[in-house]
Amino acid sequence: MLDDFLIRAALAGLGVALAAAPLGCFVVWRRMAYFGEATAHAAILGVALALSLSLPVLPMILTAALIMASAVSALTGRGYAMDTVLGVMAHSALAIGLVAVALMADVRLDLMAFLFGDILAVTRSDLLVIWAGAALVLTLMSWRWSALLAATLNPDLARASGVNPRREEFAMTLALAIVVAVAIKVVGVLLIAALLVIPAAAARPLVRTPEAMAVGATLIGMGSVLGGLWGALMLDTPTGPSIVCVAAFLFSAATAAGALLRKS
Amino acid sequence: MTPAALVSTRNLRIDVNNRTVLRDVNIDIAPGEIVTVVGPNGSGKSTLLRALIGAIRPADGFVRKRAGLRIGYVPQKLAIDGALPMTVRRFLSLPRRIDNATAARALEQAGVPDLGPRQMADLSGGQFQRVLLARALMERPELLLLDEATQGLDQPGSAAFYRQIEEVRRELGCAVVMVSHDLHVVMAASDRVLCINGHVCCEGAPETVASAPEYRALFGTGTRGALALYRHEHSHRHDHDHDHGHDHEKSA
């Protein structure tokens, strides 16, 4: 069954959606959309590093994403405004990564696949990595869920009930790095943040509790993956952007539905 | 050091962004007492509470809590992002899940028994503060810390809130440390007032502090400087007095 490239693509996309949705809720709640973006952009730097040092790609992507996330946290702690730091770091990482890859003349690299993903080329071992990563992220999120939620609401309040907000932040950073590393194959560096933010934002008008939002975001994310894959096949369009288009459409539909619900 | 104290500080110094905000703080909070902290803006009142819960590390000295001390904390302000859906009931279960009976009792104690299914974002200022109080009561605290809990409430609203705190203290027997944003209104039930301006300028019974020269130097003399002790019989609304009082504060 896994011989069919379409089945593999669907499974890869569903795995990524499963991991990205609950994490995406926190990205939205904590107003970290650009944090996700910066972490994702750092991945291309990881790819360049891996190629130049002849190291395996996945661990290097993880490392670069983690370093980026920690650097942003450290800099914002020193009085720089968050959006300025992210503006500097996200685009620098992307630019430096692209230049570094171009400088390695002897390496033939399908840059487009890293930037926009190549879900139809997912192999069985890719699938294994994606689902292992998704399982790891889901485990981490459900283990830390309540503490992370308390820390998101108010760090002092969390502290008073014995939750260390910094530890929870680190758990979240770790989860973000893993999602970036496994999502690169599916939607690419440029659109990972979309898969984090859009399903969560789409679920928001339809729900009343954080848990319902996570479940809603998961369903919307999975729907986007399947819809986007099918659309790409029908219309012969690039898969990554097609998935994001479906997510954007679901966001508009949910927003309209939410407005109607409130009126009635 | 008082052995019975719930929490004590010795030679406590707190720096924020390399600037000393508080120094030489030596306080002991005894079980069951109500302590009100007053001081001008930026005097370090909230910083003191944050140091007591362990959110800020002392630059010098220390904060010692009794082992296993249960703390309830009501923060100065809590902005719940509109992107975060949260019912009152769910909020009470953070970070530890609690059963419905406990949640209902805490809401009851805080004076808002029917709010469970409401969205946090839809609550009025007074309701919101009471839900925060309910959540702080959840853990059956031995020490309740309130940071300008009546900010944004009108006079009758604050009066009602203070009354609630007294009731909670009576029921749970917990110590209460509250920062008052309104220098002139200090609960009559306060056992002690701490007047803070970068350090503890003076402390003692409300009446003692009101007549202390350090307090007068900070807040002036005459009617403006006097502590207006909130008492139950004054808690109903006097529209005229209310407005008058506000003019006074602005000119102060």
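## A three-stranded sheet in chain B

In this predicted model, three strands of chain B form an open sheet in the order S2-S1-S4, with antiparallel pairing. Strands here are DSSP runs of E with at least two residues, helices are runs of H or I with at least four residues, and both are numbered from the N terminus. Two strands pair if DSSP finds at least two bridges between them. The edges are strand S2 (19-29) and strand S4 (60-65) of chain B, each pairing on one side only. From one strand to the next, the twist averages 25 degrees.

Strand S1 (residues 7-16) of chain B runs antiparallel to S4(B), joined by five bridges. There, B:Arg10 stands opposite B:Phe62. S1(B) also pairs with S2(B), antiparallel over seven bridges. B:Val7 has B:Ile29 in S2(B) as its bridge partner. S1(B) and S2(B) make a hairpin with two residues between them. In that turn, B:Asn17 has a positive phi of about 50 degrees.

## A six-stranded sheet in chain B

Chain B also holds an open sheet of six strands with mixed pairing, in the order S5-S6-S7-S3-S9-S10. The twist averages 15 degrees from one strand to the next.

S5(B) runs parallel to strand S6 (residues 143-147) of chain B, and four bridges join them. B:Val74 stands opposite B:Leu146 in S6(B).

Helix H1 (residues 45-53) of chain B lies across strand S3 (34-38), S5, S6, strand S7 (175-179) and strand S9 (192-196) of chain B. H1(B) runs at about 145 degrees to S6(B). H1(B) also touches S1, S2 and S4 of chain B, at about 120 degrees to the direction of S1(B). Contact means heavy atoms within 4.5 Å. Axes are lines fitted to C-alpha atoms, for helices over the stretch in contact, and angles run from 0 to 180 degrees between N-to-C directions.

## Transmembrane regions in chain A

An unreviewed UniProt entry lists "transmembrane region" for residues 6-29, 41-68, 88-107, 128-150, 170-200, 212-233 and 239-261 of chain A. Such annotations may be inferred rather than shown by experiment; positions use the numbering here, and feature names are shortened.

Residues 6-29 of chain A are 100% helix and 0% strand, with end C-alpha atoms 34 Å apart. Residues 170-200 of chain A are 87% helix and 0% strand, with end C-alpha atoms 21 Å apart.

## Two packed helices in chain A

Helix H1 (residues 5-29) and helix H10 (residues 210-235) of chain A pack at about 145 degrees, with axes 8 Å apart. By class, their contact has 20 nonpolar, three polar and no charged residues. Ala, Val, Leu, Ile, Met, Phe, Trp, Tyr, Cys and Pro count as nonpolar, Asp, Glu, Lys and Arg as charged, and the others, Gly among them, as polar. The contact residues include A:Gly13 and A:Trp29 in H1(A), and A:Thr218 and A:Gly221 in H10(A).

H10(A) has 26 residues and should span 38 Å at 1.5 Å a residue; its end C-alpha atoms are 36 Å apart, which agrees. The expected span is 1.5 Å times one less than the number of residues. Just after H10(A), A:Asp236 takes a positive phi of about 55 degrees.

## Conventions

Residues are numbered from 1 along each chain as its sequence is written, chains are lettered from A and ligands numbered from 1 in the order in which they are written.

Technical notes. Predicted model: local features only at pLDDT ≥ 70, side-chain atom pairs only at ≥ 80, totals over all residues. Heavy atoms only, no water.
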